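Welcome to my notebook. I jot down here what I look up, one topic at a time.

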Amino acid sequence: MLSLRGFWRRHRRKLYVTAGVLGSGYLLYKLYNAHRQRLADLDTELEHERDRNEELIKAQMQAHFENIQRIADTTTLPHAMHYLNSRIAEELDLSHLTDRLMQAKGQSTSAEKLELWDRLKILSFTRMVLSLWAMTILSLYIRVQVNILGRHLYIDTARGLGSSLLIEDADLIHRDDQQKFLASSDYLSSYGMPALISNIQAAATEVLNGKQLRDSFNATVLHATIMQILDKFMSTGDPHHWVNYLMPEDARALELATAFSNDNTLLPDVTKFEQLMVETRAVISSAEFRSVADIALRAVVDTVIEDMGAQPRGVQLAKVLARVARMGPTVLEEPSKFIQIILNVPEVERFFTLIYSSMQIS
């Protein structure tokens with residue numbers, strides 16, 4: 001007992017100091033732990049806030065996406081299809097051939113009548129295939145335009161919420177650039193039509209060469225003939241030759257496209273209109289767009305064959321030509337049915353979802 005008291009007297013100061021240090025350390029630990037917990041709670045709250053913002057942005061993007069589609073369906077596409085129909089009717093008017101055939105009865109030689117029938121055969125298929133191709137590709141092209149424009153217009157609004165979903169973007173798109181960009185969808189009808197008709201007619205001539213007016217044509221043969229003309233047209237020349245029917249190609253556009261394809265960045269003096277056009281060309285020149293276009297064209301051809309009611313047993317080609325000639329205008333006068341068929345293709349829906357969400361198209 002005496003020794004314990006002696007130990008206490010000798011080391012009392014040290015024990016007090018030690019106890020004080022331990023107590024202070026424990027208090028600091030508790031304070032640090034409480035501070036760390038508060039920081040963790042704050043991080044959790046901020047994370048939840050970010051998640052709520054992300055969900056809000058996703059919901060707004062979906063609503064905006066659907067609104068953009070309605071604009072394309074109710075305004076842009078009807079105008080473009082009406083103009084396209086008038087231009088094809090102007091460039092490929094078959095009435096002069098049918099009138100001459102009616103006048104040729106009993107008056108012209110067999111060779112002259114055969115030449116007229118052969119021209120009617122080529123031009124009837126040319127007009128139908130041209131109408132199918134132009135309606136399908138132009139509707140896809142306009143939807144590419146509207147989705148790209150919609151994504152750009154939405155970015156500035158969504159950026160205000162600080163979303164990590166967004167990419168950095170340049171200045172706002174001026175209304176004049178928007179209108180100029182959407183108006184460029186008329187390029188095919190205004191400028192690309194002569195070359196397009198010439199090349200589709202060349203493909204039709206090659207495929208129909210040797211097919212006689214007395215040959216039997218059933219639904220299978222007619223479907224195969226249309227697809228052969230489309231395949232021949234699309235595979236002739238440069239792999240992307242058909243892109244130039246849809247939009248202009250000039251030195252400036254080529255320079256911008258080259259810069260964009262190298263590192264996905266644009267030159268500093270690029271206007272918004274030029275940027276939108278470069279992005280559109282990059283998308284429609286992609287392998288993904290070509291694949292989607294092929295699938296959509298086949299779906300349209302399937303529907304056209306059903307609507308024509310081709311006989312399973314087949315009838316002579318000469319009797320099929322009248323229905324072939326009428327089908328071209330029908331497709332363009334009532335395009336909504338065929339456009340809806342295109343949009344119902346799953347690959348088409350996925351493709352445009354990717355464009356709007358600005359995922360990479362290569």
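**Ground rules.** I am reading a predicted model, in which local features need pLDDT of at least 70 and side-chain atom pairs count only at pLDDT 80 or more, while totals for chains, interfaces and linings use all residues. Residues are numbered from 1 along each chain as its sequence is written, and side-chain values use heavy atoms, with hydrogens and water left out.

**The whole chain.** I started with the protein chain, and I found 13 helices and two strands in it. Both are DSSP runs numbered from the N terminus: helices are H or I with at least four residues, strands are E with at least two. Of the 362 residues, 41% are buried. Here buried means under 20% relative accessible area, exposed means over 50%, and partly exposed is in between, with a 1.4 Å probe and protein chains only. I also looked up contacts, meaning heavy atoms within 4.5 Å. Among those with a separation of 6 or more, 82% join residues 24 or more positions apart.

**Helices α10 and α13.** Two packed helices are described by the angle between their axes and the distance between the axes. At what angle do α10 and α13 pack? I read about 150° for α10 (residues 287-308) and α13 (residues 346-356), with the axes 9 Å apart. The axes are lines fitted to C-alpha atoms, for helices over the stretch in contact, and angles run from 0 to 180 degrees between N-to-C directions. The pair is therefore roughly antiparallel, a label for angles over 145 degrees. Their crossing is left-handed: the near helix is turned anticlockwise from the far one by less than a right angle, whereas clockwise would be right-handed. On the α10 side I noted E288, F289, V292, I295 and A296, and on the α13 side E347, V348 and F351. By class, this contact has six nonpolar, no polar and two charged residues. Nonpolar covers Ala, Val, Leu, Ile, Met, Phe, Trp, Tyr, Cys and Pro; charged covers Asp, Glu, Lys and Arg; the others, Gly among them, are polar.

**A closer look at I295.** I295, in helix α10, has 30% relative accessibility and so counts as partly exposed. Leaving out residues up to four places away in sequence, I295 touches V345 and E347. The C-alpha atoms of I295 and E347 are separated by 8.0 Å, although the two are 52 residues apart along the chain.

**Helices α4 and α9.** Next I checked α4 (residues 175-183) and α9 (residues 272-284), whose axes come within 9 Å and cross at roughly 35°. This crossing is right-handed. D177, K180 and F181 of α4 meet K272, F273, L276, M277 and T280 of α9. I counted the classes here too: four nonpolar, one polar and three charged residues.

**Rings.** Rings of Phe, Tyr and Trp (its six-membered ring) pair if their centres lie within 6.5 Å; planes under 30 degrees apart are stacked, over 60 edge-to-face and the rest tilted. I get eight aromatic pairs by this rule. W133 and F233 have ring centres 5.3 Å apart and planes at 85°, so they are edge-to-face. W133 is in α3 (residues 110-159) and F233 in α6 (residues 219-235), 100 residues apart. Both W133 and F233 are buried. Elsewhere in my notes, ring pairs link W242, F289, F351 and F352 into a cluster.

Methods. Angles under 35 degrees count as roughly parallel, over 145 as roughly antiparallel, 65 to 115 as roughly perpendicular and the rest as oblique.
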